[in-house]
Every structure is written in C-alpha cells, then in structure tokens.
Amino acid sequence: MMNSYFIFLIVVTFFGLTKCYSVLDTNDADAIKCYICSSLDGGCSQDQVGEEKQCQPGQGCIIAIEITADGQEDYRRECSPEYDEEIRCEEGETDGVSIQSCYCSTNLCNRNMADAGYTGQPDGTTAQPSEAIKCYGCTTLDGGHCSDEEFGDEKQCQPGFGCLIFKESKPGEDDSYIRDCLPAEENENTCKTEEGIEEGVTAV
C-alpha cells in the first residue's frame with residue numbers, strides 16, 4: 001500500500017510581495033510577545049503597558065510616544081506591521097509634536113523606551129547614554145494639585161529626559177503649574193520668562 005504525503009502551502013500576497021509558508025515548517029518558537037495598547041483607546045501610558053499579545057513569527061515590537069508642546073504624552077505599543085525590521089530607535093518632530101519610536105525584537109521589549117533600546121542619543125552616535133532621572137509630576141490643567149508647595153508624585157523619566165516646571169500667572173486667576181519629564185539635551189539647563197503673551201499674563 002502506498003503512503004501519501006501532503007504538504008500544505010499558504011501563499012500570502014500583500015502589496016505585490018508574495019511569501020509562502022509551510023504549515024509543517026512554521027516554528028512558533030520564533031514568535032515573540034509584545035505589549036499592545038494605545039492612548040487613543042485609553043489605558044496606555046508610561047506605567048500602563050497594556051495586554052501581552054503573541055505576535056507572528058518575524059514580527060517585532062514597537063513602542064512610540066508623541067509629546068505635544070504642553071507636555072501631553074500619547075503612547076502606542078504593538079507588534080510591528082512589517083517583518084524582520086532593523087532594530088532601531090528614531091526621533092522626529094511634526095507640527096510641534098515630538099515623536100519617539102523604537103523597534104525591538106525580544107519578548108515584551110516594548111514595556112518602555114529604555115527596554116526597547118532608547119538611549120537619548122541618535123542611532124549611530126558613540127556618546128554615552130544619559131542616565132535616567134526622576135522628576136516631580138503634577139499639573140493644574142486637569143484640576144490636580146500643583147503649586148509652589150505641592151510638587152506632585154515622583155516619576156521615573158526615560159534616559160535623556162530632564163525635568164520641566166512651568167508656571168503661568170493671569171490677573172485675577174490662580175496660577176497654572178506643570179511639572180513633568182521633558183526631552184532635553186544633556187546638561188542643558190535653561191529658564192525663561194515671557195510676558196505679554198496675553199495682556200497681564202506671565203509665563204515662567
């Protein structure tokens with residue numbers, strides 16, 4: 001009696017690229033797990049890392065942060081949309097929004113920027129990475145307690161970040177405060193006072 005052997009092939013065509021996978025040869029051991037979350041859906045921040053997800057073999061993990069001029073941070077963690085990408089971290093700015101992202105390829109490496117390989121220095125430089133520091137975090141913009149005497153909670157910043165304190169004074173109104181981590185060049189400590197942004201308004 002003859003034995004019959006069958007090999008099943010899955011052919012995937014995407015944007016003109018064709019890949020074939022044998023269901024007999026697929027090795028799930030090559031697949032890694034990544035954290036999955038988005039600030040747009042809620043529950044995604046420096047401390048809220050989302051759910052663990054099994055990615056497809058060849059996919060890596062991505063963590064990306066968008067930081068607006070007023071210090072708001074939007075996080076995104078996911079499996080990479082492309083396969084076998086180069087491990088790297090990138091920085092850029094669009095319309096006043098600072099964007100940082102890292103691609104990494106080990107289990108749950110996108111927990112934070114430091115775990116994903118971010119050093120605070122552009123890729124390809126030989127400068128030593130900055131050590132991570134802690135800053136106070138608080139703001140009155142969402143009704144929180146933040147003032148000259150109320151500093152907020154300590155928070156661990158990412159490597160290459162410094163500390164921000166912002167105070168805005170308006171006649172007849174309580175002062176507005178922000179304390180937070182902020183991307184900064186190493187050893188760059190600056191203070192600035194601006195008056196006349198609006199009549200009677202002082203920002204420090």
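Start at Arg179, which you'll find in strand S12 (residues 176-183); strands here are DSSP runs of E, at least two residues long, numbered from the N terminus. Before going on, note that this is a predicted model, where local features need pLDDT of at least 70, side-chain atom pairs count only at pLDDT 80 or more, and totals for chains, interfaces and linings use all residues. Residues are numbered from 1 along each chain as its sequence is written, and side-chain values use heavy atoms, with hydrogens and water left out.

What is the nearest side chain of opposite charge to Arg179? That's Asp148, 5.0 Å away. Arg179 is buried yet has no salt bridge. Buried means under 20% relative accessible area, exposed means over 50%, and partly exposed is in between (1.4 Å probe, protein chains only). A salt bridge needs a side-chain nitrogen of Lys or Arg within 4 Å of a carboxyl oxygen of Asp or Glu. What the Arg179 side chain does reach is the backbone oxygen of Ser147, at 2.9 Å.

Now look at who else touches Arg179. Leaving out residues up to four places away in sequence, its contacts (heavy atoms within 4.5 Å) include Tyr136, Cys146, Phe151 and Leu164.

Two of those names come up again: Tyr136 and Phe151 form a tilted aromatic pair, 5.3 Å centre to centre with 45° between the planes. Rings of Phe, Tyr and Trp (its six-membered ring) pair if their centres lie within 6.5 Å; planes under 30 degrees apart count as stacked, over 60 as edge-to-face and the rest as tilted. The structure holds one aromatic pair. Tyr136 lies in strand S9 (residues 134-139) and Phe151 in the loop between S9 and strand S10 (153-156), so the pair ties together parts that are 15 residues apart in sequence. Tyr136 is partly exposed, at 38% relative accessible area, and Phe151 is partly exposed with 38%.

On to the inside. The largest nonpolar core has 22 residues, and those with the most contacts inside it are Cys34, Cys61, Cys102, Met113, Tyr118 and Phe161. Such a core is a set of buried Ala, Val, Leu, Ile, Met, Phe, Trp, Tyr and Cys residues joined through side-chain atoms within 4.5 Å. Strands S3 (33-38), S5 (59-67), S6 (73-83) and S8 (97-104) each supply at least two residues of this core, and S5 gives the most, with four. Zoom in on Cys102: not counting residues up to four places away in sequence, Cys102 touches Cys61, Met113 and Tyr118, among others.

Notes
Lys and Arg count as positive and Asp and Glu as negative; His and the chain ends are not counted. A polar contact is a pair of N or O atoms within 3.5 Å; within protein, one must be able to donate a hydrogen and the other to accept it, and residues adjacent in sequence count only if both atoms are side-chain atoms.
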